Amino acid sequence: MSYGIQAYRVDLQKIQQQYGTDNPDLKEKIMTSCQSQFEDLDSDFNRDEGWTDYETLMSDFLDGNWQDTNENTAKHWYIIELLIQGFGKMLPNGQWYPASSSPMWDYSEFQLYFLGANSSIPVSGPDDFPVVFTIERSHFDQALTHIREDYPDQDQQAEFASWIAAAREHDQDLVLYYY
């Protein structure tokens, strides 16, 4: 099995604003738009094995009721990914799948399991996948410098630069899911 990076551009504040939203119309819209994905994702993480179902997790997120329990938070990060897909944009990743994330672990610009400096969302990193890196827009230049130093493939460098350009154009951050 190969692993790679799926990049998204998104304003992290948009994700933070959905946590505990008091807008019932928005809640209904999000829950309805994600219904088919809940079923697909639940087939990967079965309730019979002790996992909370995705619909409950999303509902709890929108109600502001996530608890930082000691359970594996993999499903929580996939719920966040659904929100990122809805409020952001998936970016092309042809040069980053497959790819290694090893160098990214070494730099503070690639923040692990980070949803913004003022985030009140209580979620820690999962036991395993997905690995989630966030690059805030204020760190784009330094992150690109590290990519150019640690990834010799010119096509990867160019695609990463295109992610930054797209995020800058829309005044957004980058979130990289590695799985």
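**Close-up views of a predicted model**

Asp 141 is exposed, its relative accessible area being 53%, in a structure that is a predicted model throughout the views described here.

View A. The side chain of Asp 141 meets that of Arg 168 in a salt bridge, with an N to O distance of 2.5 Å. This pair links distant parts of the chain, since Asp 141 belongs to helix α5 and Arg 168 to helix α6, 27 residues apart. Whereas Asp 141 is exposed, Arg 168 is partly exposed, with a relative accessible area of 43%.

View B. Six salt bridges are counted in the model, and one of them joins the side chains of Asp 171 and Arg 137 at 3.0 Å, N to O. Asp 171 lies in the loop between α6 (154-169) and β5, while Arg 137 lies in the loop between β4 and α5 (140-150), so the pair ties together parts that are 34 residues apart in sequence. Asp 171 is partly exposed, with a relative accessible area of 49%, and Arg 137 is also partly exposed, at 27%. Arg 137 forms a further salt bridge with Asp 173, in which the closest N and O atoms are 2.9 Å apart. Here the loop between β4 and α5, which holds Arg 137, is linked to strand β5, which holds Asp 173, across 36 residues. Asp 173 is buried, with a relative accessible area of 5%. Through shared partners, salt bridges join Asp 11, Arg 137, Asp 171 and Asp 173 into one network.

**View C. The open five-stranded sheet.** The five strands are arranged in the order β2-β1-β5-β4-β3, and their pairing is antiparallel. At the edges stand β2 (89-90) and β3 (111-112), each with a single partner strand, so one side of each is left without a neighbour in the sheet. Within this sheet, strand β4 (residues 131-135) runs antiparallel to strand β5 (residues 173-178), to which five bridges join it. Thr 134 stands opposite Val 175 in β5.

**View D. Helix α4, a mostly covered helix.** Helix α4 (residues 74-87) comprises 14 residues and reaches 20 Å from its first C-alpha to its last, close to the 20 Å expected at 1.5 Å a residue. Eleven of the 14 residues of α4 are buried, among them Ala 74, Lys 75, His 76, Trp 77 and Tyr 78. The buried residues of α4 also include Glu 81, together with Ile 79, Ile 80, Leu 82, Leu 83 and Ile 84.

How values were computed: Residues are numbered from 1 along each chain as its sequence is written. This is a predicted model: local features need pLDDT of at least 70, side-chain atom pairs count only at pLDDT 80 or more; totals for chains, interfaces and linings use all residues. Side-chain values use heavy atoms; hydrogens and water are left out. Two strands pair if DSSP finds at least two bridges between them. Helices (H or I, at least four residues) and strands (E, at least two) are DSSP runs, numbered from the N terminus. The expected span of a helix is 1.5 Å times one less than its number of residues. Buried means under 20% relative accessible area, exposed over 50%, partly exposed in between (1.4 Å probe, protein chains only). A salt bridge is a side-chain nitrogen of Lys or Arg within 4 Å of a carboxyl oxygen of Asp or Glu.
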